[in-house]
Amino acid sequence: MRGFDLSVMSVIETDTGYIVIDPLVTVPVAKAGMELAYQHLGRKPIVAVIYTHSHIDHWGGVKGVISDEDVTSGRVMVIAPEHFLEHAISENIIAGNVMSRRASYMYGNLVPKGPKGQIGSGLGQTTSSGLISLIVPTHTIVQTGQKMTIDGLEIEFQMTPGAEAPAEFNFLFPKYRALCMAENCTHNMHNLYTLRGAQVRDPKAWAQYVDEAINHFAGRYDVVFASHHWPTWGYDDCVEFLKQQRDMYKYLHDETLRLANQGYTILEIPELIHLPADLFRAWHNRGYYGTVNHNVKAVYQRYLGFFDGNPATLHPLPPEAAGRRYVELAGGAEALLAKARQAFERGEYRWVAQLVNHLVFADPDNREARELQADALEQMGYQAESGPWRNFYLSGAKELRDGVLDLAAPKAVSPDTVRATPLEMFFDLLAVRLNGPKAEGRTIVLNAHFTDIDERYVLTVEHGVLNYVKDRQADQPDATLIATRAALDEVVQGQATMAEKLAAGEARIEGDPGKLAEFLSLLDTFEFWFNIVTP
Ligand SMILES: [Zn+2]
């Protein structure tokens, strides 16, 4: 099913039913996709769901195709690569707010759809919105060469952790001579760094896995399909596709380091690297999603970090302080704008954006600066081949013109993912929410006992940080919270407050309740719609 969502869902016929691969982002969209399949292929039971990897666009819609009961009754198995669950959940927790806000730029969520607006993501349409679900895998695959037969259909797996995703696998259906490359080979240059913000990926491992797939499955497939875009047909074309994908990532990796070793830096190297013609002329290597420019920066960052080694860039002034001084240097706002308008007329949009950004950060109320900056960003958006680049530019332009709108924050948590989140990850998030300066000089020791899962923790605030330890209780805590995990989940989802749970007797406090209140008062709440293109 293509065109339903950011990702694609594939349906594979077994002896008596179907295997569903990657049930899209949200429940209603996956359900609609499955209905389309039933309409054309006939209604048969789903015997298994495969999650190719831990990214949410490959599992969030699972309850649109199967139910919890299908799985608990043993009618349907759910198969995923090793460490799927921890990565599926952890990716969006402790940096979740900033990643989600930036993702709104990357996918152009607020940009109207149309020729001058949002026209897709480069990886698929865009992310659908609706209920996100999760059913925990029943079967985990751990090694390359591992085989499994589901309802008469054999599958052979290849593990690819730490390339496109931290938990991912490719697999072959020998009977159909069909190879699924998950999201490791799609019809675009993928992201080594994703602009919403994420840890950078490993292009060397990525290329090695593709090479391993070429060798391991050699001669055994006539079609390659993936979790985004369309299949490639015919063995020779498939191998050419895989080799070109492999060498594109390899080239970016090796060339970046070649030039870095010669002393070129993070802003210089991307201007120097161009893929060889037989790589860049392949449509599936085009930068519709990732780009040579930002992927090369990712390789630099992976090996050398943010600093280019030049002490002049070690401790530059931050944007507002630098902006005021650049505006003064230019001879004031009017003089800066006059120069920028001339550059705009010459089509030097990158320079306009760099220059006018100083004025916008020095004086965000300068309407002319905001409009000119928006004009420049829009031109770069129209020129961009990459969906995320276009969406970033057009989202930035929109907020320069309209300001940041006072919208409701998108619902970040779904009941299924909250339930599946280990308490340690939840305490990691609380530690991130702890306001260090406010907590400075205070010591708070809390015991927590979650009765329904019988887990115990000690939480300690000291030196402005929160530490926690599992399976322990402090001898003399300031307070002890006794609650069910279920009650906590409701509080986390905003369905109830801790005060309501205490009043209802689903939670109670021993010791000094004031200390728990003091702890809660030290936690920041993150605003979703923070400024990006203005200070
Ligand atoms: Zn995906």
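Colleague: In this predicted model, are His58 and Glu183 buried or exposed?
Modeller: His58 sits in the loop between strand 3 (46-50) and helix 2 (68-72), while Glu183 sits in the loop between strand 9 (178-180) and helix 5 (203-216), so that the pair, 125 residues apart, links distant parts of the chain. With buried taken as under 20% relative accessible area, His58 and Glu183 are both buried.

Colleague: Which residues coordinate the zinc ion, and at what distances?
Modeller: Along the chain, the donors of the zinc ion follow the spacing D-H-x124-E-x44-H. The coordinating residues are Asp57 (OD), His58 (NE2), Glu183 (OE) and His228 (NE2), at 2.0 to 2.1 Å.

Colleague: What is the geometry of the zinc ion site, given its four donor atoms?
Modeller: Four donors count as tetrahedral if all angles lie between 85 and 135 degrees, whereas the angles among the donor atoms of the zinc ion run from 84 to 171 degrees. The site of the zinc ion is classed as irregular.

Colleague: At roughly what angle do the axes of helix 6 and helix 9 cross?
Modeller: Among the residues that meet are Leu252 and His253 in helix 6, and Val292 and Asn295 in helix 9. By class, this contact of helix 6 with helix 9 has nine nonpolar, three polar and no charged residues. Helix 6 passes helix 9 in a right-handed crossing, and the axes of helix 6 (residues 235-261) and helix 9 (residues 292-304) come within 9 Å and cross at roughly 65 degrees.

Colleague: What is the phi of Asp22?
Modeller: Asp22 is found in the loop between strand 2 (18-21) and helix 1 (27-41), and Asp22 is buried, with a relative accessible area of 0%. Although Asp22 is not a glycine, its phi is positive, at about 60 degrees.

How values were computed. Residues numbered from 1 in each chain as written. Predicted model: local features only at pLDDT ≥ 70, side-chain atom pairs only at ≥ 80, totals over all residues. Heavy atoms only, no water. Axes fitted to C-alpha atoms, helices over the stretch in contact; angles between N-to-C directions. Helix = DSSP H or I, 4+ residues; strand = E, 2+ residues; numbered from the N terminus. Left-handed = near helix turned anticlockwise from the far one by under 90°. Contact = heavy atoms within 4.5 Å. Nonpolar A, V, L, I, M, F, W, Y, C, P; charged D, E, K, R; others polar. Donors = N, O, S within 2.8 Å, 3.2 Å for Na, K, Ca; no water. Tetrahedral: all angles 85-135°; square planar, octahedral: opposite > 155°, others 65-115°. Buried < 20%, exposed > 50% of the residue type's maximum accessible area, 1.4 Å probe, protein only.
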